[in-house]
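I opened this entry to look up cores, contacts, helix geometry and charged pairs. My notes follow in the order I checked them.

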Amino acid sequence: MGLIPPRRYWLTGASSGIGAALAEEILKTGAQLAVSSRSLAPLRVLSLRYPGQVLVLAGDLTNSQTVREIGEQIARDWGSLDTVILNAGTCEFVDAKQFDASIIEHVVRTNLLASSYCIEAALPLLRSGTAPHLVGLASSATYLPLPRAEAYGASKAGMRYLFESLRNDVAPEGIAVTVVSPGFVETPVTANNDAPIPRASPAGKAAQHIFHQLSNQPVDIALSGMLMATLWPLSKLPDRTRLAIGKRMVRSSPPILDQL
């Protein structure tokens with residue numbers, strides 16, 4: 001009876017935050033991991049710490065040709081993928097008094113369009129994989145409109161719909177699709193926040209929770225049960241009530257702190 005080959009993963013946004021912590025969780029199992037981000041140095045460090053397990057694929061995922069080339073390299077080196085985790089993303093906040101549509105454009109390109117490029121590259125590889133699994137990190141912010149989060153929330157809402165719709169289309173091929181909804185997570189972007197972070201989880205703890213749940217290939221993974229228990233009922237309130245709540249939440253630093 002032959003040995004079971006190690007599972008092969010592709011993880012984007014692997015240089016910091018939840019992505020870096022997820023990379024550690026995956027590699028500790030002995031799996032093979034392809035890692036992508038704009039920052040090359042942290043990926044090289046990871047490859048030195050786990051020799052023979054890491055395939056470094058740095059690049060700008062908002063460039064469709066770059067993503068296509070990453071997919072081609074994975075195909076040449078491995079031939080297939082078993083799990084793809086699309087974690088890369090950004091967050092920029094909107095000042096309605098000086099509304100700048102270029103912020104919307106940048107965040108949607110980084111979070112939503114880049115994810116679609118990665119899906120295009122990943123699906124052919126997953127079709128050749130074992131128990132194929134596509135995972136996308138959306139956000140708990142999509143359950144309730146929050147101040148100054150127009151760009152971030154819109155991009156993540158688009159990601160949620162993209163993955164949930166795709167789930168229906170790839171289910172006949174045996175590809176599972178999971179949407180992860182992080183709550184407030186401590187990441188590099190939170191270091192510059194001048195307001196307290198409610199119920200923020202360390203990135204390592206969030207990554208452990210996500211990775212533990214992934215083995216069951218669930219439809220959704222939600223972090224911070226207390227936060228979700230608050231946001232979900234609020235999303236069902238009448239528009240006027242939600243608007244009143246939103247106005248009271250406006251502050252100098254926005255309350256969106258996810259995987260970045």
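The model is a predicted one.

I started with phi. Arginine 148 sits in the loop between E5 and H5. Its phi is positive, about 65 degrees, although arginine 148 is not a glycine. I then checked its accessibility. At 26% relative accessibility, arginine 148 is partly exposed, because that class runs between the 20% and 50% limits.

Glutamine 217 lies in the loop between H6 and strand E9 (220-222). With 28% relative accessibility, it counts as partly exposed.

**Histidine 133**

Next I looked up histidine 133. It belongs to strand E5, residues 133-137. Is histidine 133 buried or exposed? It is buried, at 2% relative accessible area. I listed its contacts, leaving out neighbours within four places in sequence. Among them are Arg7, Asp82, Val84, Leu126, Thr178 and Leu214. Gln217 is also in contact with histidine 133.

**Cores**

I moved on to the nonpolar cores. The largest one has 29 residues. Which of them touch the most other members? They are Trp10, Ile74, Leu81, Val84, Leu126, Leu134 and Phe163. Helix H3 (64-77), strand E4 (83-86), helix H4 (101-126), helix H5 (150-170) and strand E6 (176-181) each give two or more residues to this core. H4 gives the most, with eight residues.

I took valine 84 as one example. Beyond four places in sequence, valine 84 touches Trp10, Ala122, Leu126, His133, Leu134 and Val135.

There is also a second, separate core of 27 residues. Its members include Tyr9, Leu11, Leu137 and Leu214. One background note for the page: in soluble globular proteins, nonpolar side chains tend to be buried together.

**Aromatic pair**

How many aromatic pairs does the structure hold? It holds one. The partners are tyrosine 9 and phenylalanine 211, with ring centres 6.3 Å apart. The planes meet at 45 degrees, so I logged the pair as tilted. Tyrosine 9 is in strand E1 (residues 8-12), and phenylalanine 211 is in helix H6 (residues 203-214). The two are 202 residues apart, and the pair links distant parts of the chain. I checked burial for both. Tyrosine 9 is buried at 8% relative accessibility. Phenylalanine 211 is buried at 17%.

**Glycine 71 in H3**

Glycine 71 lies in helix H3. At 10% relative accessibility, it counts as buried. Glycine 71 and leucine 123 are 52 residues apart along the chain, and their C-alpha atoms are separated by 9.7 Å.

**H4 geometry**

H4 has 26 residues. From first C-alpha to last it reaches 36 Å, close to the 38 Å expected at 1.5 Å a residue. I then looked for a bend. H4 has a kink of about 40 degrees, centred on arginine 109.

Arginine 109 came up again in the salt bridges. Its side chain meets that of glutamate 105 at 2.8 Å, N to O. Glutamate 105 is partly exposed at 47% relative accessibility. Arginine 109 is partly exposed too, at 30%.

**Other salt bridges**

The whole-structure search finds five salt bridges. I wrote down two more of them.

Glutamate 25 pairs with lysine 28, with closest N and O atoms 3.3 Å apart. Glutamate 25 is buried at 15% relative accessibility, whereas lysine 28 is exposed at 55%.

Arginine 38 pairs with aspartate 60 at 3.1 Å between the closest N and O atoms. Arginine 38 lies in the loop between strand E2 (32-36) and helix H2 (40-49). Aspartate 60 lies in the loop between strand E3 (54-56) and H3. The partners are 22 residues apart. Arginine 38 is exposed at 53% relative accessible area. Aspartate 60 is partly exposed at 31%.

How values were computed. Residues are numbered from 1 along each chain as its sequence is written. This is a predicted model: local features need pLDDT of at least 70, side-chain atom pairs count only at pLDDT 80 or more; totals for chains, interfaces and linings use all residues. Side-chain values use heavy atoms; hydrogens and water are left out. Helices (H or I, at least four residues) and strands (E, at least two) are DSSP runs, numbered from the N terminus. Buried means under 20% relative accessible area, exposed over 50%, partly exposed in between (1.4 Å probe, protein chains only). Contact means heavy atoms within 4.5 Å. A nonpolar core is a set of buried Ala, Val, Leu, Ile, Met, Phe, Trp, Tyr and Cys residues joined through side-chain atoms within 4.5 Å. Rings of Phe, Tyr and Trp (its six-membered ring) pair if their centres lie within 6.5 Å; planes under 30 degrees apart count as stacked, over 60 as edge-to-face and the rest as tilted. The expected span of a helix is 1.5 Å times one less than its number of residues. The bend at a residue is the angle between axes fitted to the seven residues ending there and the seven starting there. A salt bridge is a side-chain nitrogen of Lys or Arg within 4 Å of a carboxyl oxygen of Asp or Glu.
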